[in-house]
Amino acid sequence: MSSQPTSLSSPFYKEPGPKLDAESPFESMMERFRFASDLLGLDEGMFKYLSSPVKQVIVSIPVIMDDGRIEVFEGYRVIHDDVLGPAKGGIRYAPDVNIDEVKALAAWMTWKCAVVNVPFGGGKGGVRCDPRKLSMGELERLTRRYTAALLDVFGPDQDIPAPDMNTNEQVMAWIMDTYSMHARKTVTAVVTGKPILLGGSKGRKEATGRGVVTTVLAAMGKMGLTANRSTTVVQGFGNVGSVSAVLMHELGSKVIGISDVSGAYFNEDGIDIPAALAYSRSHGNTLEGFTGGTPISNQELLELECDVLIPAAKEDQINKYNAPNIKARIIAEGANGPVTANADKILDDKGILIIPDILANAGGVTVSYFEWVQDRQGYFWTEERVNRRLNRMMRDAFNLIYGVKEEYGITLRQAAYVYAIKKVADTLKMRGIYA
Ligand code: NAD
């Protein structure tokens, strides 16, 4: 197996994440965190506590490469907070991942888990490597050694990883197996996002898109809109985007624009989404050459007049430059950080309702929670039960955050941060600081 082409090579490979500049998702998150802390009147000590991760680990990962050389990689795992429960968060493999990025992403997970009321804290991990250049065997050895180095950190009651950029079901299976070998028993609940055969959950793959659509429906209800008289535009046609587009289409919304990295497509009569999905699947997961809509640019797509815009591709897509031209009534952030903090202000002035990422795309972590519950019970749910419970949790979370928005007279995003930070801070105050 060692010299096989890697399953993490293109097209699976994703370009490395955001940089720490003024318009970056991380800076945007910190700005939102500061705003919510001020509004809640958090004292300086609590602010400091919530800004500092409880654990940061950097490990060296020696790997014997296929040609016999020893290569050493750097791996990270950060637990931002675990007062609400074990830490939860993905592991990314990318050439430029670093401890600062992982720290920021771990904090993001703390707020996301708190918003949807799953009993988890926030964590994140990464290995600095270029997965395109690694064989399947090298990836497996890297993953197993990374896991072995973090055996004391991971655990179903401590810290539960999941897939993120350039890691997948297979990587989760290797982590689970390595951990289990050391525990001398099979411990499925140590990771989520596993193959169903190894204790994964039904409905996990579609969970994020399904959750996005649940929050869109809840928002439409508040705005007097109905799905079957609405228009939708979706940016990105991968896991989150395609599921969101399919579900909006099934609900009767006219999906007038879709896009992926190859370009964007517009059809004012509504795109035949099942046909687009079939096209993409049969052309190596690309919409390139799709004839069910007029080709337009990705910028034009974002600026289409529509009721619902779902950016589900990548960060920083709606920023201070194009925000003045956005004409949607609702923006549901399928991606993490697609709207910058500068754009927020412009969109808010235009009366656009933004369903923030830490709420809109939390369906994935919610079904990861269900996976963990099922693994621990040894009792597996039907897909129908998973979806029903997911819809309920997402709807409840939306209503809860909407209530906070109304109570404080703030945006939905600010409300999500206020709710999450208050929940973690209150829990911490009640538990007290062990001395
Ligand atoms: P994916 O790789 O399956 O799909 C990404 C899609 O975006 C692809 O269709 C790609 O062609 C498209 N894309 C990339 N660059 C683009 C560009 N410049 N313009 C237009 N389209 C572009 O990824 P995914 O799992 O669907 O994740 C998408 C986003 O959602 C990411 O921000 C991810 O962090 C976030 N997210 C995903 C999950 C999940 O469960 N998959 C959960 C929470 C958040």
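At 73% relative accessibility, Arg 184 counts as exposed (exposed is over 50% relative accessible area, buried under 20%, partly exposed in between, with a 1.4 Å probe and protein chains only). Arg 184 sits in the loop between helix 5 and helix 6 (helices are DSSP runs of H or I with at least four residues, strands are runs of E with at least two, and both are numbered from the N terminus). The phi angle of Arg 184 is near 65°, a positive value in a residue other than glycine.

This is a predicted model, where local features need pLDDT of at least 70, side-chain atom pairs count only at pLDDT 80 or more, and totals for chains, interfaces and linings use all residues. Residues are numbered from 1 along each chain as its sequence is written, and side-chain values use heavy atoms, with hydrogens and water left out.

Asn 166 also has a positive phi, near 65°, and is not a glycine. Asn 166 belongs to the loop between strand 5 (159–163) and helix 5. Asn 166 has a relative accessible area of 1%, so it counts as buried.

## Lys 194: a buried lysine

Lys 194 is placed in the loop between helix 5 (169–183) and helix 6 (204–223). Its relative accessibility is 3%, so Lys 194 counts as buried.

Two polar partners stand out. The side chain of Lys 194 makes a polar contact with the side chain of Glu 371, at 2.7 Å (a polar contact is a pair of N or O atoms within 3.5 Å; within protein, one must be able to donate a hydrogen and the other to accept it, and residues adjacent in sequence count only if both atoms are side-chain atoms). A polar atom of the Lys 194 side chain also lies 2.6 Å from the backbone oxygen of Val 191. Setting aside residues up to four places away in sequence, Lys 194 touches Glu 169, Met 172, Met 176, Thr 188, Gly 199, Gly 200, Glu 371 and Asp 375 (contact means heavy atoms within 4.5 Å).

## Gln 374 in helix 12

Gln 374 lies in helix 12 (residues 363–377). At 1% relative accessibility, Gln 374 is buried. A polar atom of its side chain is 2.9 Å from the backbone nitrogen of Trp 381. Beyond four places in sequence, Gln 374 touches Ser 201, Tyr 379, Phe 380, Trp 381 and Val 386. Lys 327 is 47 residues from Gln 374 along the chain, and their C-alpha atoms are separated by 42 Å.

## Trp 111 in helix 3

Trp 111 is part of helix 3 (residues 99–115). Trp 111 is buried, with a relative accessible area of 1%. Gly 121 is ten residues from Trp 111 along the chain, with 8.2 Å between the C-alpha atoms.

## Helix 1 against helix 10

The axes of helix 1 (residues 25–40) and helix 10 (residues 341–349) come within 8 Å and cross at roughly 60° (axes are lines fitted to C-alpha atoms over the stretch in contact, and angles run from 0 to 180 degrees between N-to-C directions). That makes helix 1 oblique to helix 10 (under 35 degrees is roughly parallel, over 145 roughly antiparallel, 65 to 115 roughly perpendicular, and the rest oblique).

Helix 1 supplies Ser 28, Glu 31 and Arg 32, which meet Ala 341, Asp 344 and Lys 345 in helix 10. The residues of this contact divide into one nonpolar, one polar and four charged (Ala, Val, Leu, Ile, Met, Phe, Trp, Tyr, Cys and Pro count as nonpolar, Asp, Glu, Lys and Arg as charged, and the others, Gly among them, as polar).
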